[in-house]
Amino acid sequence: MTPQSKLEQTTDAISDFLRSGGAWNSPLLKPLLHGAPKLADVQIGELFGPFRLLQRIGQGGMAQVFCAERISDDFHQQVALKILHIPLADDPFIAAQTAILFRRERQILARLEHAGIARLIDGGLNPQGRQWLAMEFIDGTPIDVYVRMQLATPHAICQLMLQAGNAIEYAHSRLAVHRDIKPSNILVKPDGTLKILDFGIASLLDDSVEDDPALSALTRHFASPEQLRGEASTVQSDVYQLGVLMAELLTLSPNWKLENDPEIAAILRRACAESSCERYPNVACFNADLRCWQAHQPISVRQASWRYRAWCLLRRQRVAVTVGAVAAVLLIAAISMFVWQLVHARQRAEQQAIRAESVSNFLVQVFNAASPFVAKGQTPTVNDVLQAGVERLDKDLAQAPEIRGDLYMVIGRVHVTLSQLDQARPLLERSVALGRADTTLAPEKLAARLRMLGVVLQSDFQTQAATMLLVEAEQLLLPLKSAAAQKELIGLRRNLALLKYDAGDLVGAIALQRASVADAIARFGPGDALVARGKANLAQFLANYGKHSEGLSVMKDALETLEHTLGASHPDTMAIRSAYASMLVEGGDLSAGAPLMESSIANALAVTPKTSPMYALQLASRGYLRREQGRLPEAQTDLEAAYQIARALPPADDFVSVTVLSELVELRLAQGQAQAAWPLAQQMLARNQDGHHAIRADLGQRPLLAAKVLIALHRCAEAQAYLQQSETLMRARIAASSRLYGELLALRERCIGLDQKNIGSSDS
C-alpha cells in the first residue's frame with residue numbers, strides 16, 4: 001500500500017469518526033461498547049446535571065429512561081432522561097475522546113428544532129461516568145396504538161405519515177439520519193399532532209441483544225436491508241423504514257386491503273425496495289407521492305398513460321368532465337351536466353328505494369325469525385330479536401355496508417337504551433368503521449355514530465378515547481349549517497359537559513352547559529325541546545354543586561317547556577318531572593314534591609320490567625320518599641324488594657346496588673338500628689370504588705353516610721377517615737355553601753361533642 005493510500009484511508013477513518021453518530025460505531029469505541037459491563041441501576045431521586053429522577057418509564061439493552069424534573073428554582077421543567085449503561089473507559093485518553101465526542105454529538109442533535117421532533121434539551125456525564133441525555137417529555141400515544149384506537153382510515157394514516165415525513169425531511173436537511181423509525185418512537189398527542197423521538201441518537205442507544213455493535217441501534221423488523229448487512233445508514237434507510245411503518249399502520253385500518261389500492265401498493269413497493277437504488281431518493285419524493293394520492297393526482301411511480309391520467313381526473317372531478325375548450329364544448333358540457341343531474345337524481349331515488357326495501361325485508365325477516373312459531377313455542381325476548389337482527393345483518397347484508405352501518409347504529413342505540421353497553425359497543429364500533437370508509441355518508445350521520453360510541457366509552461371510564469371521538473364528531477359538525485346538524489352539535493356538547501362532570505370539574509361542566517343552552521336558545525328559540533333538555537342537565541349540575549334554588553328554577557322551566565312542546569306523557573317530560581319532584585323533596589318541600597314524585601314513580605313502575613335495574617331504582621326512590629314522609633314500614637318494604645333485585649344484577653350495574661344500599665343504610669339509621677346499618681354501609685363502600693360506575697355520582701355523600709353510621713355507634717375515631725375522604729371529594733366537586741358540606745361540618749361538630757362528653761365521663 002502506498003503512503004498516499006494510507007493517508008486516504010486514515011482521512012476516511014477520521015471523517016467517519018467525526019460525523020454525527022459516527023463516533024459510536026468507530027473502531028476506537030466499538031470495543032468499548034461491545035460487551036461493556038453494565039452499571040447498577042440508578043436510584044429514584046438521583047441527580048443527573050440539573051435534573052432529579054422521578055420515575056422509570058422504560059429500559060433498553062444499553063439505556064434506562066426516566067421521567068425527571070429540573071431542580072432549578074427559576075422554572076419547572078419535566079424531561080425524559082436517558083441514561084446509558086456504558087461507563088467511561090479506564091484509559092484516560094479514550095475517556096477524554098469519548099467525552100469530547102459525546103459533547104459534540106449533543107451539540108449536533110440540539111440543532112434539530114422542528115415541531116415534529118422531540119428536542120434534545122441537555123446532556124452530559126455524571127461523576128460515576130454515566131452518560132445521559134435529557135429529551136423533551138411527550139404526553140402522547142404510540143402511533144400504532146393511536147391508529148387502532150381511532151379506527152383510522154387510510155387517508156388519516158397518510159396524513160400522519162406526512163407529518164412524520166416532514167419532520168424527517170427537515171432532519172435530513174440538517175445532515176441527521178434517524179436510523180430507527182418504529183411505532184414506539186413516534187408519539188401522537190391528543191390533538192392529532194405527532195412527535196418523533198430519539199432522532200439522531202439511534203446509534204447511541206442499544207435496544208437489542210445482537211453481538212455486532214453496528215447492529216445495536218436498530219429494530220430488525222423495521223431495519224433496511226443495508227442496515228441488516230451492517231452497512232452505513234443513509235436517508236434512504238429512513239425512507240425504507242417509513243414505508244414499512246405505513247404498511248404496518250394500514251393493516252390496522254378497518255376494511256382496507258392492499259390489493260384494493262394499487263396506487264398505495266406502488267408507493268410502498270418503491271419505498272420498501274430491497275435495493276436502495278430502486279427506492280425513492282429521499283423522503284421529499286415519498287411525501288410528494290403521498291400528497292398526490294390524497295389529492296387524486298397521478299403519482300410518480302405509476303406509468304403516466306392517458307388512461308391513468310384520465311382516471312385520476314375522473315376521481316378529482318366527480319360531477320362533470322371537461323371535454324373541450326371552445327363555446328360549443330361548453331354547451332355540450334352544460335347539456336351533459338343537466339343529463340347527469342337527471343340520471344344522478346334517478347339513481348339516488350332508485351338507491352333510496354332499494355335501501356328502503358332492503359331495510360323493510362330485513363326487519364320482516366328478523367321479526368319472523370324471532371316469532372314464537374319459528375322459536376319453537378317460546379316467546380322471544382327483546383334481546384332475542386336484537387341478536388337475530390345482528391346475525392341477519394352479517395349474513396343477508398354483507399354486500400351492503402352502508403345499510404349495515406345504519407342498522408348497526410340502530411341496534412346499538414337500542415342496547416344503550418336498555419343499559420346493555422357491552423352489547424352496544426361492538427355494534428357501534430362496526431357502525432363507525434363503516435361510516436368512516438363510506439365517502440358518501442353525510443357528515444352529520446357519521447358524527448351521530450361517533451357521538452353514540454363516545455357515550456358508551458364514557459360510561460366505561462375510557463375518558464380519553466370518548467373525548468377524542470366526541471371532538472372528532474364536533475369537528476365534522478362545526479362547518480354544517482343545517483338545523484339537524486346544529487341540533488346534533490348542541491346535544492354533543494351536553495356529552496362533553498358530562499365528561500367534565502364525571503372528571504369532577506363541576507365548574508367547567510356548568511360553564512359549558514350554560515353556553516350550550518344559550519346557543520340552543522339563539523338558534524332554535526326558548527321553547528324548543530332541545531333547550532329544555534339542556535336546561536335539565538344544567539339544573540342537575542347546579543343542584544349537585546350546591547346551587548339548589550337556581551337548579552330548581554331551571555328544572556321547573558325545562559319541565560314547563562317540555563309539557564308544552566312534547567306533552568305530559570312523553571318519556572322525556574316524565575323523566576324531567578321526576579327529577580324536578582326529587583329536587584323539591586330534597587329541598588324540604590314535601591307538600592309540592594311528594595305528589596309529583598309519587599305519580600312519576602307509579603308511572604315508571606307500571607311500564608318497567610320487575611327484574612330490571614330501572615325497577616329497583618324506582619323502588620329505591622319511593623323508599624326514600626316514604627322515609628322522608630315518616631312512613632318507615634312502607635319504605636322498608638320497597639327497599640328490601642329493591643335490594644333483592646340489586647343483588648342479582650351484574651357488577652356493571654353497581655350504581656343501582658350502591659344507590660339501593662345507601663337508602664337501606666339511611667332507613668336503618670332512621671329506625672334507630674345503627675348496628676344493623678354498618679354491614680350494609682360496608683357493602684355500599686365496597687361497590688363504590690374507583691373504576692366503578694357508582695363512583696361517578698359520589699359527591700362525597702357515600703363516605704359521609706359511612707361516617708354518620710360510625711358516629712351513631714360512637715366510633716368517632718374510625719369515622720374521621722371517612723369524613724376526610726368525603727371532604728376531599730366535596731372540595732373537588734361542590735361548593736362550600738352546599739347542603740352536603742353543611743352536613744359534613746355538623747357531623748364533625750357532633751364528633752367533637754361526643755369526644756368531650758367521653759372525656760368528661762372518664763374524668764368523673
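**Entry 1: the S5–S6 pair**

I began with strand S5 (residues 120-125) and S6, and found them joined by five bridges and running antiparallel. The model I consulted is a predicted one. I then asked how many residues separate S5 and S6 in their hairpin. There are five residues between the two strands, and Gly-129 in the turn has a positive phi of about 90°. Leu-125 stands opposite Gln-131 in S6, and Asp-122 has Ala-134 of S6 as its bridge partner.

**Entry 2: the other side of S6**

I next followed S6 to strand S4 (residues 78-84). Five bridges join S4 to S6, and these strands run antiparallel. Here Ala-80 is the residue that stands opposite Met-135 in S6.

Is S6 (residues 131-136) enclosed or open to the outside? I noted that six of its six residues are buried, so the strand is largely enclosed by the rest of the structure.

**Entry 3: the six-stranded sheet**

I placed these pairs in their wider setting. Six strands make an open sheet in the order S1-S2-S3-S4-S6-S5, with antiparallel pairing. I recorded strand S1 (47-48) and S5 as the edge strands, each of which pairs on one side only. As a reminder to myself, strands of a sheet pair through backbone hydrogen bonds, either parallel or antiparallel.

Within this sheet I also examined strand S3 (residues 63-70), which is joined to S4 by seven bridges in an antiparallel arrangement. One position I checked there was Ala-68, which stands opposite Val-79 in S4.

**Entry 4: the three-stranded sheet**

I turned to a further open sheet, whose three strands follow the order S7-S8-S9 with antiparallel pairing. Strand S7 (141-142) and strand S9 (194-196) are at its edges with a single partner strand each, so one side of each lacks a neighbour in the sheet. Between strand S8 (residues 186-188) and S9 I found three bridges in the antiparallel sense. Ile-186 stands opposite Ile-196 in S9.

Arg-179 has a positive phi of about 80° although it is not a glycine. I located Arg-179 in the loop between helix H5 (154-173) and S8. Is Arg-179 buried or exposed? Its relative accessibility is 12%, so Arg-179 counts as buried, the cut-off being under 20%.

His-714 is another such residue, with a positive phi near 60°. I found His-714 in the loop between helix H27 (701-712) and helix H28 (716-733).

**Entry 5: H16 against H17**

I then examined a helix pair. Two packed helices are described by the angle between their axes and the distance between the axes. For helix H16 (residues 463-477) and helix H17 (residues 483-502), the axes come within 10 Å and cross at roughly 155°. That angle makes H16 roughly antiparallel to H17, since angles over 145 degrees count as such. H16 passes H17 in a left-handed crossing.

I listed the residues that meet. From H16 these are Thr-463, Ala-466, Thr-467, Leu-470, Ala-473, Glu-474 and Leu-477. Their counterparts in H17 are Ala-485, Gln-486, Glu-488, Leu-489, Leu-492, Arg-493, Asn-495, Leu-496 and Leu-499. By class, I noted nine nonpolar, four polar and three charged residues in this contact.

**Entry 6: Gln-513**

I looked up Gln-513, which lies in helix H18 (residues 506-524). Its relative accessibility is 0%, so Gln-513 counts as buried. Which residues are in contact with Gln-513, leaving aside its neighbours within four places in sequence? I recorded Arg-493, Arg-494, Ala-497, Gly-534, Asn-537, Leu-538 and Phe-541.

**Entry 7: the chain as a whole**

The chain has 29 helices and nine strands. Buried residues make up 46% of its 764 residues. Among contacts between residues at least 6 apart in sequence, 58% join residues at least 24 apart.

Conventions. Residues numbered from 1 in each chain as written. Predicted model: local features only at pLDDT ≥ 70, side-chain atom pairs only at ≥ 80, totals over all residues. Heavy atoms only, no water. Axes fitted to C-alpha atoms, helices over the stretch in contact; angles between N-to-C directions. Helix = DSSP H or I, 4+ residues; strand = E, 2+ residues; numbered from the N terminus. Parallel < 35°, antiparallel > 145°, perpendicular 65-115°, else oblique. Left-handed = near helix turned anticlockwise from the far one by under 90°. Contact = heavy atoms within 4.5 Å. Nonpolar A, V, L, I, M, F, W, Y, C, P; charged D, E, K, R; others polar. Buried < 20%, exposed > 50% of the residue type's maximum accessible area, 1.4 Å probe, protein only. Pairing = 2+ DSSP bridges.
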